[in-house]
Amino acid sequence: MKTQSSQFNRNLSIEKLQQEPLWDFIIIGGGATGLGVALDAASRGYKTLLLEQSDFAKGTSSRSTKLVHGGVRYLAQGDIALVREALKERGLLLNNAPHLVKKQAFIIPCFSWFSKMKYLIGLTLYDWLSGKYSFGKSTSMSKEEVKAAIPDVNSTDLKGGVEYYDGQFDDSRLAIDLAKTAALYDGVLINYMKVKGFLKNSAGKVDGVIAHDIEGENDYTIRGKVIINATGVFVDDILRMDHPEKKPMTRPSQGIHLVLDRSFWDSDKALMIPKTSDGRVLFAVPWHKHLLLGTTDTPLDEHSIEPIALESEIKFILKTARQYLSKKPEREDVLSVFAGLRPLAAPDKDVNSTKEISRSHKIYVEPSDLITITGGKWTTYRKMAEDTVNKAIKIGGLDKRMCRTYDLKIGENTNATSGNQTNKTSDQALHANYPISESAIIDAVRNEMARTVEDVLARRFRILFLDAHVALQLAPQVAKVMAEELGRDAVWISKQVADFKSIAEPYLIEHFNAFE
């Protein structure tokens, strides 16, 4: 294991890719699942390579509700085993990444005595299932206690509430720390490296991939003992490379979030509405000095790398939020709109509701020995990775080595900067409300593989997700700093700013140009 963040460097990773003739693991996909598998495999001492077609956590893994949770909703559906597993993993994640995960109090406002009793009983069971990993005891609250704790909640007909505890985190920051930690264990992880096809031996078993370096415009033929498909909503695209007639394994569900100023919520506690008008759960969660509202659950037939919110989803969240917040949010109050796709395991029969599609993870092995991991959620990424690596050891005939991620600290020894930034580099914030500076941008490029303006403003710093207008204002400055560090010219700067503007446009509420 190394102790320098310089290990997480794209040029160095490309060199290592060219030097290794045979990998133990080749992992396709740099979201939560793929990164978890990479860390698990690398920390066991396997020669591990991860390839991501865009940036790490570009898709679903940066677009979550930022919760580390057991799943109160799944408890209501009777999925006790899934909830128990998730609650354990929630506790492990807090222990392993305390700099990014914290305990978060949630309050369910209740407008009838029956609902108050129902939720208290259910959440007491939730606490019991967490065992030694408990985040805190659920308690009954009077109307006055609810109003004191969350003064911005609408108190009309309020009968009281229930307070319980779950976790909150920063999803894409955790993803980057997972990648950097895997690199410390000699894992090689490369973004903007798209897998184009598989290599197979005479027995028809996959034994490598053909990958295209989008940045360097080179193709690589890479051999591996085990190939893992961990591409989330894109798993079916990868499977069709192996078997063109393959039946879809996943069905995407879209969830969107709206971000408001914290003036709408004068409390550190979060709001949880367990059953909205159409049966969905709605959260109002304080996050990075803003308020995050979400999420929707809309079944889709198609997936994309840049999903866009639907007007009906925006209206649903605003309408529902107005029922519970005393200060009513309007369209013009929305600072950012972002959408994400959940890769739900597809059922064997047609269903009309995503509630009927499993949230638990599933591992499939194709006749070619291609291994696919699908389903699951951020909270259980570690267990998903452990199960996947254990399966891969058997399929690939690898030497058996025990999982080490149960108590492996994430992000330790990964945050030291290179220390040789020029005197021209400034630590002064580029914007009064966000901790982004020239030196921080350079560090993201040198030590976190940020390659584009979007990488910096969306995932290394969360500004695009928090305030799209501010992100657009900062884009030219970010591009200029990155260009100097990467050795790019004015043409690159102009293209980066234009590309970012195109990506950021659907994060603006004005983009939807609709009025109620």
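**Notebook: charged pairs and cysteines**

I started in helix α8 (residues 235–242), where Asp 237 and Arg 240 are three residues apart and so separated by about one helical turn. For helices I went by DSSP runs (H or I, at least four residues), and for strands likewise (E, at least two), numbered from the N terminus.

A note to myself on the source: this is a predicted model, where local features need pLDDT of at least 70, side-chain atom pairs count only at pLDDT 80 or more, and totals for chains, interfaces and linings use all residues. Residues are numbered from 1 along each chain as its sequence is written, and side-chain values use heavy atoms, with hydrogens and water left out.

**Entry: the α8 pair**

I looked up how Asp 237 and Arg 240 meet, and found a salt bridge with the closest N and O atoms 2.8 Å apart. My rule for a salt bridge was a side-chain nitrogen of Lys or Arg within 4 Å of a carboxyl oxygen of Asp or Glu. Asp 237 is partly exposed at 27% relative accessible area, and Arg 240 is partly exposed at 35%. Here buried means under 20% relative accessible area, exposed over 50%, and partly exposed in between (1.4 Å probe, protein chains only).

**Entry: a pair from strand to helix**

How many salt bridges does the rule give? I get a count of 37. One that I followed up joins the side chains of Asp 166 and Arg 90, at 2.7 Å from N to O. Asp 166 sits in strand β6 (residues 160–169) and Arg 90 in helix α4 (residues 80–96), so this pair ties together parts that are 76 residues apart in sequence. Are the two partners buried or exposed? Asp 166 is buried, with 3% relative accessible area, and Arg 90 is buried too, at 1%.

Next I checked Arg 382 and Glu 386, whose side chains form a salt bridge at 3.1 Å, N to O. Both lie in helix α10 (residues 381–396), four residues apart, about one turn of the helix. Arg 382 is buried, with a relative accessible area of 6%. I also noted one network, in which salt bridges that share partners join Asp 55, Lys 58, Arg 63, Glu 306, Glu 454, Asp 455, Arg 459 and Arg 460.

**Entry: cysteines**

Last, I searched the whole structure for disulfides (pairs of cysteine sulfur atoms within 2.5 Å) and found zero. I looked at Cys 110, which is buried at 1% relative accessible area, and at Cys 403, which is partly exposed at 23%.
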